[in-house]
Amino acid sequence: MNALRYCFIILAAAMLMLNPDKSFAGSQSQSVDRPYVNVETIKAAMKDGKTIFVNWKSKWCGTCNIQTKVLDAILMDEPIIAEQVLFVSLDWDDYRDDAFTRRLNIPRRSTLVLFKGTEEIGRLVAATKRSEIENLIRTAL
């Protein structure tokens, strides 16, 4: 019995370490829609003068997945931001060699770039700290 109890405690601790902000009883990861789009969609939004947050990412990228969780948390905590900024994703595997990506000198997946119209306001490369990503977003608000 003690061995079973010990295994349960280890398992519970491991689950909390993997997801410290949520209880594991019935928790579901929530995400805010940041669709994968094509370059033409981004260019049209830029031309319309919109504030747009572009995330060059890959589904298999660990850093990208952490960024996704951080962005989810920010947008779940402050949904008003999604009303002021258009959040979209470009699939790095599809657009790494695209002229748009090259013209912007995007060095790698996990690059986050904020635009106001056609003007780049700021960027982060491989950043995963919530404070850094929030600071980037707040430059447009």
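**Entry 1**

I started at Val54. Leaving out residues up to four places away in sequence, I found Val54 touching Ile42, Val88, Leu90, Thr111, Leu112, Val113 and Phe115. I note here that the model is predicted.

I then looked up the largest nonpolar core, which holds 17 residues. Those that touch the most other members are Ile42, Ile52, Val54, Trp56, Leu90, Phe100 and Phe115. I checked where this core draws its residues from: α2, β1, β2, α5 and β3 each supply at least two. Helix α2 gives the most, with four residues. Another core lies apart from this one and has 16 residues, including Leu71, Leu124, Ala127 and Ile137. As a general remark, nonpolar side chains in soluble globular proteins tend to be buried together.

**Entry 2: helix α2**

Next I went through α2, residues 39–47. I listed Val39, Ile42, Ala45 and Met46 as buried. They cover an arc of only 125° around the axis, so they sit on the same side of α2. I looked up what the buried residues of α2 pack against, and got β1, β2, α5 (92–95), α6 and β3 (111–116). On the face turned away from the buried side I found the exposed residues Glu40 and Lys47.

I also checked both ends of the helix. At the start of α2, a side-chain oxygen of Asn38 comes to within 3.2 Å of the backbone nitrogen of Glu40. Just after α2, Gly49 has a positive phi of about 80°.

**Entry 3: aromatic pairs**

How many aromatic pairs does the structure hold? I counted two. Phe53 and Phe87 make up a tilted pair, with 5.0 Å from centre to centre and 40° between the planes. This pair links distant parts of the chain, as Phe53 is in strand β1 (residues 51–57) and Phe87 is in strand β2 (residues 86–91), 34 residues apart. I looked up the accessibility of both rings' residues. Phe53 is at 0% relative accessibility and therefore counts as buried. Phe87 has a relative accessible area of 4%, so Phe87 is buried too; the cut-off for buried is under 20%.

Trp56 and Phe100 form a stacked pair, at 6.2 Å centre to centre and 20° between the planes. This pair also links distant parts of the chain: Trp56 belongs to strand β1 and Phe100 to helix α6 (residues 99–103), 44 residues apart. I noted both Trp56 and Phe100 as buried. Both names are also on my list of core residues that touch the most other members.

**Entry 4: Lys59 over Tyr36**

I looked for a charge over a ring and noted Lys59. Lys59 lies over the face of Tyr36, 5.2 Å from the ring centre.

**Entry 5: Glu78**

Last, I looked up Glu78, which is in the loop between α3 (62–77) and α4 (81–84). Is Glu78 buried or partly exposed? Its relative accessibility is 24%, so I put Glu78 down as partly exposed. Setting aside neighbours within four places in sequence, I found Glu78 in contact with Glu134 and Arg138. With Arg138 there is a polar contact between the side chains, at 2.5 Å.

How values were computed: Residues are numbered from 1 along each chain as its sequence is written. This is a predicted model: local features need pLDDT of at least 70, side-chain atom pairs count only at pLDDT 80 or more; totals for chains, interfaces and linings use all residues. Side-chain values use heavy atoms; hydrogens and water are left out. Rings of Phe, Tyr and Trp (its six-membered ring) pair if their centres lie within 6.5 Å; planes under 30 degrees apart count as stacked, over 60 as edge-to-face and the rest as tilted. Buried means under 20% relative accessible area, exposed over 50%, partly exposed in between (1.4 Å probe, protein chains only). A charge sits over a ring if NZ of Lys or CZ of Arg is within 6 Å of the ring centre and within 35 degrees of the ring normal. Contact means heavy atoms within 4.5 Å. A polar contact is a pair of N or O atoms within 3.5 Å; within protein, one must be able to donate a hydrogen and the other to accept it, and residues adjacent in sequence count only if both atoms are side-chain atoms. The arc is that of the directions from the helix axis to the C-beta atoms. A nonpolar core is a set of buried Ala, Val, Leu, Ile, Met, Phe, Trp, Tyr and Cys residues joined through side-chain atoms within 4.5 Å.
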